[in-house]
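Hi everyone, thanks for making time today. I'd like to walk you through a ligand and its surroundings, so let's bring the model up.

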Amino acid sequence: MLKAHLIHLISRLSRIRHTMTDSCIFCKIVSGEAKAEIVHRDAQVTAFRDIHPVAPTHILIVPNRHIESVSALETDDEQLVGHIFTVARKVAHEEGISRGGYRLITNTGIDGGQTVFHLHVHLIGGQRMRHPMG
Ligand code: AMP
């Protein structure tokens, strides 16, 4: 009985966490509450320049809806994930880095190096990069 109650509580809490936006900097950028240099915005995603760029082009593409990470994605989000990549391709073209190539990275969870827990794809380019596997 107590176990069932606890499982129910944990499931409710994780859902609340999934939609919580108050303290999320990327939710604030999406809503306009926090400043960012936005390069693309539509009904589903927003793309803006990273505050600490690691290359001449460093843009983050985020879903407008708060999704914590890849681990929190659901089957219904498949179209959204595809759209993020379509926007990445469009922004890369506008940035003039399509021909040279670019890198798309999504860090997931603490061990994956994620520091902002709102799903995002880094679009990085404008220079030749070392292969991440060495
Ligand atoms: P990650 O470590 O993969 O979660 O990436 C988070 C990224 O968000 C880092 O590259 C940060 O530089 C970037 N970042 C954090 N705060 C802001 C902000 N207010 N505006 C733009 N980029 C940000």
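A polar contact here means a pair of N or O atoms within 3.5 Å; within protein, one must be able to donate a hydrogen and the other to accept it, and residues adjacent in sequence count only if both atoms are side-chain atoms. With that in mind, look at Val116, where a backbone N or O atom lies 3.0 Å from an oxygen atom of the ligand. Gly113 also comes in through a backbone N or O atom, at 3.3 Å from a ligand oxygen. His120 uses its side chain instead: an N or O atom there is 3.0 Å from an oxygen atom of the ligand. The protein covers 83% of the 500 Å² of accessible area that the ligand has on its own, by the Shrake-Rupley method with a 1.4 Å probe, where for residues only the protein chains shown count as cover.

A word on what you're seeing: this is a predicted model, where local features need pLDDT of at least 70, side-chain atom pairs count only at pLDDT 80 or more, and totals for chains, interfaces and linings use all residues. Residues are numbered from 1 along each chain as its sequence is written, and side-chain values use heavy atoms, leaving out hydrogens and water.

Now, how many residues surround the ligand? There are 16, counting those with a heavy atom within 4 Å, and the closest are Asp50, Asn107, Thr115, His120 and His122. By class, this shell has seven nonpolar, seven polar and two charged residues. Helix H2 gives the most to the shell, three residues.

And where does the ligand sit? In the largest pocket, meaning that more than half of its atoms lie within 2 Å of the pocket's grid points. A pocket is an open set of points on a 1 Å grid over the protein atoms alone, where a 1.4 Å probe fits, with protein on both sides within 12 Å along at least five of seven lines; lining residues have an atom within 4 Å of a point. The lining counts 19 residues, with Phe26, Asp50, Ile51, Leu60 and Val116 nearest the centre. H2 again supplies the largest share, three residues.

Methods: Helix = DSSP H or I, 4+ residues; strand = E, 2+ residues; numbered from the N terminus. Nonpolar A, V, L, I, M, F, W, Y, C, P; charged D, E, K, R; others polar.
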